[in-house]
Amino acid sequence: MESFISGIGWVSKESMGYNGCIKKFDQNTRLPQIKRDDILRHPYKHFGRMDNFSKLGFAGIVFAMKDAAIIESGKIESETINPEKKNISMIASTVTGCLETDLAFQETMLRPLPSPSVFAYTLDSSFLGEASIYLGLTGESFVINEEKPDGLKGLFMALEIIDSGASDIVLCGMCNSDIKTNNTDFCSNTPGSIFFVLQKECLHSYGVIQSNSMESYYYQNDIKINTLYDLAQKCTNRKKL
Amino acid sequence: MNPVYITNVAAITAMGPDLESLYNGLMNKKSGISKITRFNNVSCHASPFAGVIKDLDHPKKMSLIFQLSDMLINQICRNRESRIESDTFLITASTKAGIDLLGQNNAKSKMLPKDILLSDLTQYIALKIGLNNNGININSACASSTIAVAKGAALIQMGVVDSVLICCMDTVSQFVFSGFSVLGAMSDEPARPFDKNRKGLTLGEGAAAILLISEKKAKAKGAFPLCQIAGFGIANDACHLTAPARDGYGLKLAIGKACKKAGIAVDDIHAINTHGTGTKHNDSMEINAINSMFNPGQVIANSIKGAIGHTLGAAGGIEIALCVKMLKEKVMPGTYGFLDPEKGSEAIISPEARSFKGDYILTTNSGFGGTNAAVILKKV
């Protein structure tokens with residue numbers, strides 16, 4: 001199975017954005033607090049209500065879609081009400097999920113009336129729902145919780161969706177908050193979000209990703225890929241053609 | 001594409017410790033819903049009721065989810081005719097897994113309790129069964145386990161693996177109970193799916209295990225197929241975070257994809273296990289979708305959530321396990337709590353058990369974030 005990589009978007013402690021539109025941070029020790037105008041030019045009523053984990057994932061997805069030119073960067077972002085529906089799928093891998101939001105809701109449980117608006121984001125998949133509403137994405141959408149924080153099983157399932165013809169475009173990536181967990185593998189990795197737009201066909205791409213088993217992934221035929229961050233590095237080194 | 005068969009199923013619900021007790025309980029119009037005593041009922045709780053599993057006790061410093069896992073593993077491994085081999089790929093489906101551990105933790109502590117990650121549940125099950133992989137957990141709200149079955153089937157169809165074990169589960173915790181209460185989604189009486197006077201859902205807990213295997217592996221093992229996974233489809237409403245599209249947009253897309261994958265027409269479906277939560281919006285959406293896709297009198301449908309509660313991430317898996325039994329018996333149990341039909345549901349839903357024709361059964365689930373999933377099982 002193979003597909004073109006047409007867009008990459010990310011949020012990390014060091015920077016966020018996409019190729020040609022990057023905001024850098026100096027000496028950030030934690031992930032940035034994402035503001036609406038970091039991602040969208042126009043007001044979007046749903047953005048303010050999102051939890052930090054959802055903003056992190058939502059930003060990565062929107063940046064990747066702008067990089068792939070599936071949504072126009074900067075020009076039209078009025079796709080906030082009834083955007084045209086698109087058969088695009090989304091798979092996000094995570095280790096931490098929305099545990100930070102779970103803790104926030106647990107705190108509100110000490111009050112007579114816990115917060116319904118916080119509870120609405122205590123699902124790891126909530127941000128996929130927000131992205132599907134904003135972008136009008138009607139394909140498959142689910143989160144993979146994995147022990148090994150490499151995002152590759154999600155990549156495999158994304159390739160399967162394209163190969164089976166279920167969607168011709170799939171957003172695939174990782175999203176992790178910087179909460180401390182007992183997962184030692186995860187602690188050695190950078191929290192943040194990174195999303196790729198995979199397409200069956202496209203004019204401009206960073207190259208091709210291939211896999212025929214859940215254990216091995218190759219970029220441009222013969223470059224072995226070990227994590228999604230590894231893939232992003234290889235893609236950005238090569239630049240889009 | 002390689003055909004995919006189900007050769008082993010197990011289910012644990014508030015109705016009893018196995019699939020037989022669930023099916024027989026539903027056929028005998030019993031309910032597993034009772035007043036909850038697991039945690040204190042506080043003022044914000046919108047209901048005193050839940051579908052809890054009788055023998056699930058609250059152990060100190062351990063999540064109920066691991067106790068439930070042990071019960072499920074014992075049951076699925078008991079079937080000697082369809083053993084789970086070490087190369088079986090594991091997919092778990094849970095929305096909140098060990099969230100009850102948070103209640104045992106200082107709420108202000110940012111250091112998390114051990115075993116709270118969703119992947120901790122997957123690893124625990126993999127280790128207990130003795131699998132050579134740690135698997136993955138699929139999380140997509142109340143459609144999690146339906147999607148897990150669909151993705152497991154896709155892996156076998158592609159020839160990537162020969163067998164996939166789906167283990168799905170969620171428990172009733174104070175965390176989730178409080179959340180659904182303040183969202184205004186819960187009924188103060190046991191849920192009454194598709195009833196005109198329904199007031200909302202009742203939470204439940206449960207677990208199911210489903211073993212999917214390729215035709216080649218089934219033959220090699222001499223395993224008897226219980227049914228075939230004929231098709232599946234997944235789609236998003238792209239409409240609202242906590243409510244379904246009123247017209248059932250995503251559900252209809254998912255059903256259409258499932259029929260296409262199965263290579264059948266919508267007319268070939270005569271029985272549907274619905275999501276049927278008992279909330280105003282969900283049940284109306286499903287009635288709209290069914291009436292717009294199927295001819296009048298073509299299908300019968302039911303919901304089991306009035307009898308065992310809404311088991312969240314486990315719901316789809318429990319219902320697929322039950323559909324295996326329904327397909328074998330060719331009888332669909334009635335919908336518990338359905339007394340006064342919602343407009344449009346009269347010819348579809350019944351409180352009585354009914355036989356159905358054809359070789360297929362469709363089961364669907366929908367959830368927060370606009371997610372929808374459909375699986376079609378075929379009699380073998």
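Chain B exposes about 12,900 Å², of which carbon and sulfur atoms supply 50%. The views described below all come from a predicted model.

**View 1. Chain B as a whole.** Chain B is built from 10 helices and 14 strands, and its C-alpha atoms occupy a box of roughly 55 × 50 × 40 Å along the principal axes. For 380 residues a compact globule would have a radius of gyration near 21 Å, and the 19 Å of chain B agrees with that expectation. Buried residues account for 66% of the 380 residues in this chain, and among its contacts with a separation of 6 or more, 79% join residues 24 or more positions apart. The 39 positive and 31 negative charges of chain B have mean positions that are 2 Å apart.

**View 2. Chain A as a whole.** Chain A contains 8 helices and 10 strands, and a box of roughly 60 × 40 × 40 Å, taken along the principal axes, holds its C-alpha atoms. Of the 241 residues in chain A, 62% are buried, while 69% of the contacts with a separation of 6 or more are made by residues 24 or more positions apart. Chain A exposes about 9,700 Å², with 48% of this area supplied by carbon and sulfur atoms, and the mean positions of its 24 positive and 29 negative charges lie 7 Å apart.

**View 3. The salt bridge between Lys29(B) and Glu352(B).** Over all chains the count comes to 26 salt bridges; in the one shown here, the closest N and O atoms of Lys29(B) and Glu352(B) are 2.7 Å apart. The pair links distant parts of the chain, since Lys29(B) sits in the loop between helix H1 (19–27) and strand S2 (34–35) of chain B, whereas Glu352(B) sits in the loop between strand S11 (331–332) and strand S12 (354–355), 323 residues apart. Both partners are partly exposed, Lys29(B) with a relative accessible area of 43% and Glu352(B) with 41%.

**View 4. The salt bridge between Lys216(B) and Asp162(B).** The side chains of Lys216(B) and Asp162(B) meet at 4.0 Å, N to O. Lys216(B) is exposed, with a relative accessible area of 61%, whereas Asp162(B), at 28%, is partly exposed.

View 5. Asp195(B) and Arg192(B) form a salt bridge in which the closest N and O atoms are 3.3 Å apart. Asp195(B) counts as buried at 0% relative accessibility, and Arg192(B) likewise counts as buried at 17%. Through salt bridges that share partners, Asp188(B), Glu189(B), Arg192(B), Asp195(B) and Lys199(B) are joined into one network.

**View 6. The surroundings of Lys151(B).** Lys151(B), a residue of helix H4 of chain B, has a relative accessible area of 2% and is therefore buried. With its neighbours within four places in sequence left aside, Lys151(B) is in contact with residues of chain A, namely Glu140(A), Phe142(A), Met157(A), Glu160(A) and Ile161(A), and with residues of chain B, namely Ile91(B), Ile138(B) and Ile234(B).

Notes:
Residues numbered from 1 in each chain as written. Chains lettered and ligands numbered in written order. Predicted model: local features only at pLDDT ≥ 70, side-chain atom pairs only at ≥ 80, totals over all residues. Heavy atoms only, no water. Helix = DSSP H or I, 4+ residues; strand = E, 2+ residues; numbered from the N terminus. Buried < 20%, exposed > 50% of the residue type's maximum accessible area, 1.4 Å probe, protein only. Contact = heavy atoms within 4.5 Å. Areas by Shrake-Rupley, 256 points an atom, 1.4 Å probe, with all protein chains shown as cover. Lys, Arg positive; Asp, Glu negative; His and termini not counted. Charge placed at Lys NZ, Arg CZ, Asp CG, Glu CD. Rg over C-alpha atoms; globule rule 2.2 N^0.38 Å.
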